[in-house]
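Colleague: I have a few questions about this one. Can you put it up on the screen?
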Amino acid sequence: MSEKFRLHAFVCTNQRDPKKPRECCASKNALDVMTRLKRAAKAAGIHDVRVNKAGCLDRCEHGISCVVYPNGIWYTIPDDDKAIARIVEHLAEGKAADEFLMVD
Ligand code: FES
């Protein structure tokens, strides 16, 4: 039912074996950040946006990785409530939070 949600935000919460050379979003507190983003969106009264956990989005070095569809806007979300509030503004108003756009 794609009509049900105006936007989908997928936040990588992947945890990688610390012995592996590549870093992971879980080590940057991604699960907690995803939960705070979800709660903040709900508290802002946004009901037509879905915030979901995602597996690895293959942007590990730029995490915490988040992609918002349908437009495919990529963020690096800091573990910071002000940053999370800016992403929530995007979810509410549809305008990207430029300062957190992922830089490849
Ligand atoms: S571990 Fe998050 S993008 Fe790969």
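Colleague: Is asparagine 29 buried, exposed or partly exposed?
Modeller: This is a predicted model. In it, asparagine 29 has a relative accessible area of 31%, so asparagine 29 counts as partly exposed.
Colleague: And where is asparagine 29 found?
Modeller: In the loop between E1 and H1.
Colleague: Changing topic: which peptide bond has omega near 15°?
Modeller: The one from glycine 63 to isoleucine 64, which is cis. Isoleucine 64 sits in the loop between strand E2 (49–54) and E3. The bond from tyrosine 69 to proline 70 is also cis, with omega near 20°.
Colleague: What about serine 65, buried or exposed?
Modeller: Buried, because its relative accessibility is 1%, and the cut-off for buried is under 20%. Serine 65 belongs to strand E3 (residues 65–69). A polar atom of its side chain lies 3.2 Å from the backbone oxygen of arginine 59.
Colleague: Last one: which residues form the positive surface patch?
Modeller: Lys4, Lys38, Arg50 and Lys53. Of these, lysine 38 is in helix H1 (residues 30–43), and at 40% relative accessibility lysine 38 counts as partly exposed.

Notes
Residues numbered from 1 in each chain as written. Predicted model: local features only at pLDDT ≥ 70, side-chain atom pairs only at ≥ 80, totals over all residues. Heavy atoms only, no water. Patch = residues over 30% accessible without salt bridge, like charges linked within 9 Å, V, L, I, M, F, W, Y side chains within 5 Å. Areas by Shrake-Rupley, 256 points an atom, 1.4 Å probe, with all protein chains shown as cover. Salt bridge = Lys/Arg side-chain N within 4 Å of Asp/Glu carboxyl O. Lys, Arg positive; Asp, Glu negative; His and termini not counted. Charge placed at Lys NZ, Arg CZ, Asp CG, Glu CD. Helix = DSSP H or I, 4+ residues; strand = E, 2+ residues; numbered from the N terminus. Buried < 20%, exposed > 50% of the residue type's maximum accessible area, 1.4 Å probe, protein only. Polar contact = N/O pair within 3.5 Å; in protein donor to acceptor, adjacent residues only side chain to side chain.
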